[in-house]
Amino acid sequence: MEKQSKYNEIVKAIIQDIDRGILQARDRLPSEKELQDRFGVSRVTVRKAIDVLIDEGYVVRDYRKGTFISERITYKKMNEIVSFTKSALLRGDIPSTIVHSIDEVKPDPFLMKYLRIGAEEQLIQIRRTRLTNGFPLIYEESYWIASIVGTFDQVKASASLFEYLKKEKGIIPVYSLQELDAIGAAGQIAEALQVHEQFPLLRSLMVFYDASDRPYELAFNYYRTDRCKLSMVRTLNEG
């Protein structure tokens, strides 16, 4: 049990180093000796951790040159969990945000189910429009568990909340669950995205989880279908 927890500790630490940009695609993984010294474990435990990282696609091993951070990590980070602000900057666009409202609300049964919380839990509801180069691209309605993330003001909500939580709270999204469907624009959403009623939108429901497997945010994002493109990277296991 102790050995298992030790190699899992190494795996989580390396993934966090990748998420924080300390280790990037094509960087050499620290040597087995360096990892032994850092975590105070045996070579067997280090090798088990590296095997797990290889199986999960985070690192690749070249027996002639060494072990390196996989280039696929760049694509995984772009397509899975990247903040709107960061993804816009990576594309060379200028991101901006219009914050419509920040409210404290109680969860309904839908939110209780997805966020694994009780009726007494306090949520922060944020409605905002995300723009690139001054053009409205996404309308977002998000719900955050206040006991985990704290409170947000207009300034924080106008920037990247992912970056704020990472720097100030140490909260990093490790994975997310996503559901997609198509709907017609209506009311406040149509007005914010500057489209006519029933204009086709792509609606994304996402729930974000931290390193402790706790859901802390649920977000509905409404994308203009004339301005968005969905791309995914899939790993195929041949049997």
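At what angle do helix α2 and helix α3 pack, and how far apart are their axes? In this predicted model, helix α2, which covers residues 32–39, packs against helix α3, which covers residues 43–55, at an angle of about 110°, and their axes are 9 Å apart. Angles from 65 to 115 degrees count as roughly perpendicular, which means that α2 is roughly perpendicular to α3. The points below begin with this pair of helices and then turn to the sheet, to a loop residue and to the salt bridges.

**The contact of α2 with α3**

- On the side of α2, the residues that take part are Glu32, Leu35 and Gln36, and they meet Arg43, Val46, Arg47 and Ile50 in α3.
- Sorted by class, this contact of α2 with α3 consists of three nonpolar residues, one polar residue and three charged residues.
- Glu32, Arg43 and Arg47, which are among the residues of this contact, are also linked to one another in a network of salt bridges.

**The sheet and the helix across it**

- Six strands form an open sheet in the order β3-β4-β5-β8-β7-β6, and their pairing is antiparallel.
- The edges are held by β3 (95–105) and β6 (175–184), and each of these has a single partner strand, so one side of each is left without a neighbour in the sheet.
- On average, and with direction ignored, neighbouring strands of this sheet are turned by 15° against each other.
- Helix α9, made of residues 161–169, lies across β4 (123–132), β5 (135–145), β7 and β8 (215–224), and it runs at about 40° to β5.

**Ser158 in a loop**

- Ser158 is found in the loop between α8 (154–157) and α9, where it is partly exposed, with a relative accessible area of 33%.
- Although Ser158 and Ile98 are 60 residues apart along the chain, their C-alpha atoms are separated by 6.6 Å.
- When its neighbours within four places in sequence are left aside, Ser158 is in contact with Thr97 and Val99.

**Salt bridges**

- Side chains of opposite charge can pair when their charged atoms come close, and a search of the whole structure finds 14 salt bridges.
- One of them joins the side chains of Arg38 and Asp17, with a distance of 3.2 Å from N to O; Arg38 lies in helix α2 and Asp17 in helix α1 (residues 2–19), so this pair ties together parts that are 21 residues apart in sequence.
- Within this pair, Arg38 is partly exposed at a relative accessible area of 46%, whereas Asp17, at 10% relative accessibility, counts as buried.
- Another salt bridge is formed by Asp62 with Arg64, whose closest N and O atoms are 3.7 Å apart; here Asp62 counts as partly exposed at 24% relative accessibility, while Arg64 is exposed, with a relative accessible area of 75%.
- Arg224 forms a salt bridge with Asp226, and in this case the closest N and O atoms are 2.7 Å apart; Arg224 is buried, with a relative accessible area of 8%, but Asp226 is partly exposed at 42%.

Methods:
Residues numbered from 1 in each chain as written. Predicted model: local features only at pLDDT ≥ 70, side-chain atom pairs only at ≥ 80, totals over all residues. Heavy atoms only, no water. Axes fitted to C-alpha atoms, helices over the stretch in contact; angles between N-to-C directions. Helix = DSSP H or I, 4+ residues; strand = E, 2+ residues; numbered from the N terminus. Parallel < 35°, antiparallel > 145°, perpendicular 65-115°, else oblique. Contact = heavy atoms within 4.5 Å. Nonpolar A, V, L, I, M, F, W, Y, C, P; charged D, E, K, R; others polar. Pairing = 2+ DSSP bridges. Buried < 20%, exposed > 50% of the residue type's maximum accessible area, 1.4 Å probe, protein only. Salt bridge = Lys/Arg side-chain N within 4 Å of Asp/Glu carboxyl O.
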